[in-house]
Amino acid sequence: ITQGEQNTILRTESAEVKKIDAQVKKLVRDMIDTMFQAEGLGIAAPQVGVNLRIFIARLNFGTEQEVVVPMINAEILSRDENKLTREEEGCLSLPNRFGVVPRAQGLVVRFTDLKGTKRVLELEDLNARIIQHETDHINAKLFLDSMEGEEVSGEELKKRRTRKKK
């Protein structure tokens with residue numbers, strides 16, 4: 001996984017996918033494998049060293065309706081800016097670093113699927129957050145760029161979550 005706050009690949013805007021060919025399909029399969037190995041909720045092509053507008057999103061995470069959705073040339077058409085959520089986010093490219101990021105609670109995203117069909121999804125909550133995070137990746141942004149407050153380590157995050165449960 002491509003890592004580092006100043007990594008050139010992560011900081012370069014990704015190119016549009018012109019054609020969904022065998023190479024793109026193999027890249028998507030490899031990205032899905034990498035995402036599951038790293039226990040991620042999503043992964044973008046720049047995170048595997050490729051500046052193409054492709055990402056994978058695990059929607060409905062942790063439910064029986066969980067689905068892995070490859071999105072090619074995804075574009076957020078609208079965001080529910082009236083409803084912002086502030087949640088802690090991490091990133092496979094910035095291991096053990098977390099911070100609170102404000103995100104729209106709902107959005108509409110348009111993308112092309114692996115068969116070349118244009119699709120539109122209306123998503124909210126964690127699903128919307130995943131799409132915003134991954135869209136940032138293909139636009140050369142990291143969660144640190146939008147973070148509010150200070151960054152915390154994985155250990156600190158675990159402590160905070162344990163305290164909240166008590």
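Predicted model: local features only at pLDDT ≥ 70, side-chain atom pairs only at ≥ 80, totals over all residues.
Reader: What should I know about the source?

Author: Local features need pLDDT of at least 70, side-chain atom pairs count only at pLDDT 80 or more, and totals for chains, interfaces and linings use all residues. Residues are numbered from 1 along each chain as its sequence is written, and side-chain values use heavy atoms, without hydrogens and water.

Reader: What order do the strands of the open sheet have?

Author: Strands of a sheet pair through backbone hydrogen bonds, either parallel or antiparallel. Strands (E, at least two residues) and helices (H or I, at least four) are DSSP runs, numbered from the N terminus. Two strands pair if DSSP finds at least two bridges between them. Here the order of the three strands is S4-S5-S8, paired antiparallel. S4 (84-91) and S8 (148-153) are the edge strands, each pairing on one side only.

Reader: How many bridges join S5 to S8?

Author: Three, with S5 spanning residues 94-104. Val100 stands opposite Glu148 in S8.

Reader: Which helix packs on this sheet?

Author: Helix H2 (residues 125-138), touching S4 and S5. Contact means heavy atoms within 4.5 Å. The direction of H2 makes about 55° with that of S4. Axes are lines fitted to C-alpha atoms, for helices over the stretch in contact; angles run from 0 to 180 degrees between N-to-C directions.

Reader: Why is S6 described as largely enclosed?

Author: Buried means under 20% relative accessible area (exposed over 50%, partly exposed in between; 1.4 Å probe, protein chains only). Six of the seven residues of S6 (residues 106-112) are buried, so the rest of the structure largely encloses this strand. S6 pairs antiparallel with S3 (residues 67-79) over five bridges.
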